Structure formats: structure tokens, C-alpha cells
Amino acid sequence: MLRKFHRLPGLMAGLFLIVLSVTGAVLALAPTLDRVSAVIPAFGEVSVAELADRVVTHYPGTEQIVREPSGKVIVYYSRDGQAGADLVNPVTGEGIAPYESSAFFGWVKDLHRAFMLDDAGRALAGVLAAFMVLLCISGILLLARRTGGWRNLLRPLSGSGSKRIHAELARFAVLGLLLSALTGSYLSAQRFGFLPEASEIGPTFPAEVSGGQPAPVGTLKALGNVDFGEFRELVFPYPGDSQDVYSLTTRGGSGFVDQATGELLQYQPRSDGSVVQQWIVSLHTGEGLWWLSLILGAAALTVPVLSMTGGIIWWQRRRSSGQLPDNADASQADTLILVGSEGNATWGFARELHSSLNKAGFRVHCSEMNALANQYPQASRLFVLTSTYGDGDAPASAQQFMARLGNFRPGKALTFAVLGFGDRQFPNFCKFAVEVDAALANKGLGRLHGLEKIDRCAAAQFSEWGESISKDIGVPLTLDYNPLPPATVELELVERADYGLAIQAPTSILRFKAAEQGGWTKVFSGNHKTLPSFEAGDLLGVMPPNGQAPRFYSLASSATDGVVEICVRKQPGGLCSGYLHALRLGDRIEGFVRQNPEFRPAKGNLPIILIGAGAGIGPLAGFIRKNTSRNPMYLYWGGRDSRSDFLYQPELGDYLDDLRLTGLNTAFSRSDERAYVQDKLRQDQMALRQMASKGAQFLVCGGRDMAAGVRQVIDDILKPLNTDVESLKKQGRYLEDIY
Amino acid sequence: MKKNLCALGLAIAVAIPAFAQAREVAFTTELQNYRGDGAYVVLYLTDASGTYQGTLWVAGEKSKYYKHLSGWARGSRLDPAEYDGLTGASVTSGRTLKITLNLEDSLIDSGYEVRVDSAVEDMRDIRADVVAPLTTEGSGKPVSGRGYVSSFTYDLQ
């Protein structure tokens, strides 16, 4: 629902909002440019009487002197019957240049507030400003939900690509945008009479004036009492009209000045309403608040990017949802699939399950979890595929599920299996799936299969789940789903270093280069080009030869290194690792990059502690190679036998020599010491604790068991500091890349 | 002066044909091609010394901007009774404002002047953009303005 509130105005107004924001950003420069060129006397340096006196010396036909919010002073005068206007120096009264409001800014302003369409355009701009308010508020709520609560709003964000750019930029700009949009809507509503406007008619013209001989303007007492800083406008009396007066406007109010006696007449302080009104205008335009206008301008500049990334996100979502073919009617179905999805990623898996069950001859009904009916008369098995949103909440298509479950009357034969989707690095991994699993069990349904959790849309895990489900239902199922197969690039193996052969744990460092395209293909193939930019810690997706789902390997190199480097342990019976290990120099593979921006060492000079085992050293070695600014970096790594599988041994030596690596600590499980990396950490606990207390960051890469062991050790080490791994994770100081 | 004002107000606002000595006067105010939004323009009568006598027409609908028509604003004290029923839309750059009013015969050739004040948002206010004595002789003769008005003519019918 909330997402709809964000999406609809966004899509409808996107293009217009780009125009509003770009013009707004341009206009935001005006107060600063004006301020830069203005000469501003210090407080107490120039009174209005002195200013007027000096101006009149240079402009005998002065009719009006105006001080703009920026501090610029303009004199309006008449000379030889013709009206003129000049910018003047307030200290000397001398003219600086003829004053003309900028044609360019005038044009941009018209585009900004009325799309050059007068009242119709103004109304449109007003509606757009209101849309923007809606977008900002719904956006903040979405962001809070996504990060798992208001307290986490400023935490580092997960995700990549458009989604991440959108969220990061929005978080930076939302307050500025909200301020601009609110004030803009307010002013527009006033313009069209929906809101009252505090209009100030000003004081009434005095009934009696002295009518005496006019005194020189410089001697008028009431003008001498007002400092330049308070001054706004002075209108001179009509020449030769002794009944006329000076009209004076200051920051605090306005009144008249008798041209003979210099008395202040009919002074009327500015009303509160008018002060508020002026503030709203200033907050929108930045008039007189050049620093604010720069902030608002910068915020406005994010809107084109937000519009585009927002559109891309919407399009990706749309593409990955869509109708299911052969969906059985709910009342006829023997098998149900309910989907809980926020970003539609889960639907892809559901579709695969749906078609696979269909092929096996079941009558399958698939719907979102929110559409849970009160009963399904024919159904005997229920699959729930759901992600978890934010801090353990239901995703969009499952928000009403728990409430609806109250009215759900399952048949006796109905059994269920829940499959959760999430990211293991989050504290509440698949929490909602766990809750659904428990709730269904509470409802008295039998378990067809226990709860399983899929980490980061892992296709392999999904296929495994399918295999176990096959056994449960006694029908073979092949679940082969790869979320939106990416565009691949052909990579040629150019170098390999093999370790661990002697101990039957072959592990290789493989270096690839984007394969050269020869002649014609180079010209005509648009999609087979170079890899996008990547960094150590990102993932290389490798397509196995038989068209199966890609396998992912952590990258040990950055695009600037000129090679694509991965470190691969040959798994016994491993399909893709076996394929990679069999490659010879010159052989080619199909691969693509998946960004993994969460797994990166922090910038700055706080200590970085890298912990890994086996092939997990890959990205860690890549981080060290990149550490050209020589920040303190420590590596704890565990292998089996220093003589056989000491990966990156020569490189690490070089890095130690040139100080890219501050300290190296290795553990070998099949050597005499029989140590694991956890043991080394424990040995160094004093030093580690001290670094942790200084703000060190931990990056862990390796197998699941090792990561669990390391977590335990680090938790122990952190205990005296009254903190733990969980808290460090929340601060982005404990990152894991686990496989 | 007060009496005169009342008579004028009646003559213009009500424009009853029963006034035997009323005369139809067409006022044509042509604006320059300045760069900016629609101009607020006011036509009003003063005596020879420039003292306000009555309002002829206000072009511009938002009364909050009327104070920028400063000569007129002083004379009329922006009393709504002074301009009630005598307002219309503002005049866009380069356009011409034409209005026809019934004026008492006694106002013509009696030392009265037609004045025009004008103002544009974010640009300067022009007091007495045009000053034209209201005489039989002056009828049909264009007077040039010193601000936004390029030329002003009245025609006694």
C-alpha cells in the first residue's frame, strides 16, 4: 500500500518533477550569486539617511531605493523624463551598473513555477509540489521499513544498483526536498486561495503632514535612526508635492516620514502573519539565506537521478512479476503456492515451482499470501514461499496473511512446507518465514517438509529443496531457477596458480581476461563486451557448461588490476569447481559480475582485521593489494599445510614488505601445531580487543562453519568491551562473505 | 474636494445614462514590450496639483499588490470603496488596455489630469507613468509614458 503511494505519484510526475528540480537547482544559485556581488556595510556603519543622502548626490531624480534580501541596493530614478534603475554601492552611493533583472533567471523562474503556461502551469506546479510531499513522506516510511526501524535510518544500506542509489540519494536529500515541496505547496495553495494569505496593506497615509519646506533627506531624523541592516525600501515623495511623504519599509515594519520635520508617522510593525509569510517565501527561495539555497539546490539535483532509478526499479519489478499460465482455480486446486514478496524476487521462484508441479500433473493454484482464502476444499498440500521485510516484518504481499489466518479453515489432509528467502547477513534472517511456519503448525496443519531458508536467492539451495520435496511427494521435481540471468561476458583463462594438490585439497588461483573478439563479431556483437567495473569483494558469476544456474565466486581483484581473479577450491563432486579446475590456459568461460558492495573494507585509517580460511583468502588478498594508502591491515588465515596450500604466499610476503599488510598470522590444521584460525585469534585477543575498542572493522570470508567459529571467538574477545558481533554488524564493522 | 470626489465616483461607477451631461471617454493604454509578468496599471484623476480625485480603472486583481501603484495608493488610501467595481485583469507586456467610461462633462477642461501608475512583479514601480491633462484639445493625441506604458490616448466621444 505504502509502496503504491510512492510509486504512483512518482511515475505520474517523474518528468515534470525533473523540470521542477533542475530549474529549482538553477534558481538556488541566484541568492549566492547576488550575495557574492553585494557590498554589505557593517552594522552601524551606514544609516538610511546617509545612504539616501549619498544616493541622491549621484541620482538627483531618485524615486525609490530598495535593498534586496541579498543586500544589493537598487536605486530607481528618473532622468530627463525617463525612468532608470541602477545598482549602487551602499557605502558611497555611487552607481555600479544599470540594474536589470536577469533574463535567464526570469526565464528559469517562469519555467519553474508555471511551465511557461501561466495559471494552468502554476496549478500544475502546485499539484506537483504536493506530489513531492507525498513522495518524500512515503519514501521516508519505506526507507524506515526497509532498514528495520527509525533508529537504523542512518545505518549503511544493503542492496545494489538502482535500488541502492535511489535509497542512498533519497536519504541524503529528503529533508531538503521535503522543505522545498512543503513550502512550494503552501505558496501555491495560497496563490489559488485554498489557504489564507497574510497580506499586509501597510499603514494608512497620514491625514496631516506638516507641509513645510522639505529638508535634505540626509537630515531626516527618522531615517537617521534606521541602520542599513534593518532597511528594506524607501520611496521618495513626488517632487513638488509638499503634502507627500517618504514611505519607509524596514525589517520590522513600515511607516511614513514627513519630508519637512523628519518625524516618523503612522509606523506600523510588521504583523506576525506577514513575518511567517516572509519566512515561508525565504525557505522556499533561499532569498537572503544563500547557504540554505545551496543545500536546497543540491537536494533538488538528486531528483533527476531519483526519478530515473525509481523508474528502473519499477520496471524491474514489473518485468519479474507477471501472470502465471495455467493457474488452477483456488476451489479446484490440489496444491497451493502462497507467495510473500516485497520486490517480486520471490515470485520467480514461485513460478518455477508452479510450472514444475504443473508438469508433474498437479492442479496448482498460486497467489499472494494476502489472498489467502478461508478454505481450499480440494487442497492437500500448501507451499509458502516468502521473504522477510526489514527487521523481520511481513513483505508487501503478505501483510494481511497473519490476520487472514484467523479465518482460515484448513482441510484435515492439508500439509504444508515453508520456504524462506533472505540474506543471512541480516540479524533477522527469514524471521517472517519462521513466524509463518510456526503459525501454520499452530493451526494444526501437518508438516510436509520442515522450514528451509534460502540465502540471497541461491539457485542451488532452491534446487536442493526441490529434490527433498520430490522425495516428500513422491514425484520427481526439477527446480531450476536463476533469477533473471544476467548478460555474460566471455573470459579467457590467462594464468593459474595451483595449490594443495599434495594434500588432496586442490585449490587454484585463476586469472581471466575478457576474451578478445575478432573482426566481425567485434563490430556486430553489442552484448559481448567488457565486464562492468568491479572491485575485490564483488562476485563473479560463472555459468557451468551444461546450462545450469550460475555459481558465484568472490573476486580477488579489482577492474583496475586488469584481470579477473578468483580463488577456487575443487569441491569433491563439485560441478562448477571441477569445470574451473579443468580449464587450461586459453580456455574460455561465460561469466558476469554481481556487485557486493556490503563487503568492503571501510575507508579511513582505522585498523582492518581480515579473517579467512582456505579459498576465502581471495577477496581478502584483493583488499590488501588495493591498500596502497598503507592503512593498518591484519590478516588471519587458516590453511591445511604450509608446504602445500599456503595460498598467495609470495604475494603476501611482498605486501608485508611494502606495508600494504601490517601483520600476517597463519594457522595450519595439518601441520605440527594443528591450529585453526580461531586459535590464532584467541592467542591475539589482547591486541584484537584493543583494536576493536579503537573502532577496528572485521571482514570474514570463508565457509559457514569457520565463520560460526570465528563469530564465537570474536564475541568472547568483545565481551569485556560490553559489545558483541551483533552490535558491530549493525555499525557495519563486522562483515561476512560466507559460502 | 470631498463633494467632487463623490460626484466623480457616482459618474463612473454607476454610469447612468440619465446624467444629461455625461460623456463617454475611451482610454487606450498601450504597454511596452518589457520582460516580465503582467503589469498592474491604474488610471486615476487628479487635480492640477496632483491631488487624487478618483479612480478610473485598476488593471490587476490582487489587492495585496496595489500598494506598488504608489501615487494612487496614497491618494485612494487603498480604500476598497474607491475602486469597487472598477477592476479587471492585469495587462501583459506589449498588450493594450482599452476601457470606456462615462465621465461628467464638468471634469473636462477643468484642470483635471489623468494619471497612470504601473508596477510589475520583481521590477520597479512607476509612479505617474503617464500624466495627461483631461482637455478637449488633448483628445486623440497620444502621450508617451515613462515606464511600462509606451503610449496613452483618451478619446472623447
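Predicted model: local features only at pLDDT ≥ 70, side-chain atom pairs only at ≥ 80, totals over all residues.

Colleague: What makes β5 and β8 of chain B edge strands?

Modeller: The open sheet of 4 strands in chain B has the order β5-β1-β9-β8, with antiparallel pairing. Both β5 (96–104) and β8 (143–144) of chain B pair on one side only, and that is what makes them the edge strands.

Colleague: Why are β4 and β8 of chain A said to stand at the edges?

Modeller: In chain A, 8 strands form an open sheet in the order β4-β3-β2-β1-β5-β6-β7-β8, and the pairing is antiparallel. Each of β4 (95–98) and β8 (264–269) of chain A has a single partner strand, so one side of each is left without a neighbour in the sheet. On average, and with direction ignored, neighbouring strands of this sheet are turned by 20° against each other.

Colleague: How do you know that β3(A) and β4(A) count as a pair?

Modeller: The requirement is at least two bridges, and 3 bridges join β3(A) to β4(A), which run antiparallel; the pair therefore qualifies. Opposite A:Pro98 in β4(A) stands A:Asp86.

Colleague: What packs on that sheet, and which strands are touched?

Modeller: Helix α3(A) packs on the sheet and touches β1, β2, β3, β4 and β5 of chain A, its direction making about 130° with that of β1(A). The buried residues of α3 (residues 48–58) of chain A are A:Val48, A:Ala49, A:Glu50, A:Leu51, A:Ala52, A:Arg54 and A:Val55. These buried residues of α3(A) pack against β1, β2, β3, α7 (221–224) and β5 (231–235) of chain A.

Colleague: Why is A:Gly84 called partly exposed?

Modeller: A buried residue needs 20 or more other C-beta atoms within 10 Å, and an exposed one has 12 or fewer. A:Gly84 has 18 C-beta neighbours inside 10 Å, so it counts as partly exposed. A:Gly84 has its place in strand β3 of chain A and, not counting residues up to four places away in sequence, touches A:Tyr77 and A:Arg79.

Colleague: Why is α6(A) described as oblique to α8(A)?

Modeller: Helix α6 (residues 161–191) of chain A packs with helix α8 (residues 272–285) of chain A at an angle of about 130°, their axes being 9 Å apart. Roughly perpendicular covers 65 to 115 degrees and roughly antiparallel begins over 145, so α6(A) is oblique to α8(A). Their crossing is left-handed. Residues making the contact include A:Leu179 and A:Thr183 of α6(A) and A:Ile280 and A:Val281 of α8(A). By class, the contact has 6 nonpolar, 4 polar and no charged residues.

Colleague: At what angle do α1(A) and α4(A) pack, and what is the hand of their crossing?

Modeller: Helix α1 (residues 2–27) of chain A and helix α4 (residues 103–114) of chain A pack at about 145°, with their axes 9 Å apart, and the crossing is left-handed. Among the residues that meet are A:Val19 and A:Leu20 in α1(A) and A:Phe105 and A:Val108 in α4(A).

Colleague: Which element gives the most to the side of chain A that touches chain B?

Modeller: There, 19 residues of chain A are in contact with 18 residues of chain B. β3(A) gives the most to that side of chain A, with 3 residues.

Methods: Residues numbered from 1 in each chain as written. Chains lettered and ligands numbered in written order. Axes fitted to C-alpha atoms, helices over the stretch in contact; angles between N-to-C directions. Helix = DSSP H or I, 4+ residues; strand = E, 2+ residues; numbered from the N terminus. Left-handed = near helix turned anticlockwise from the far one by under 90°. Contact = placed C-beta atoms within 7 Å. Parallel < 35°, antiparallel > 145°, perpendicular 65-115°, else oblique. Nonpolar A, V, L, I, M, F, W, Y, C, P; charged D, E, K, R; others polar.
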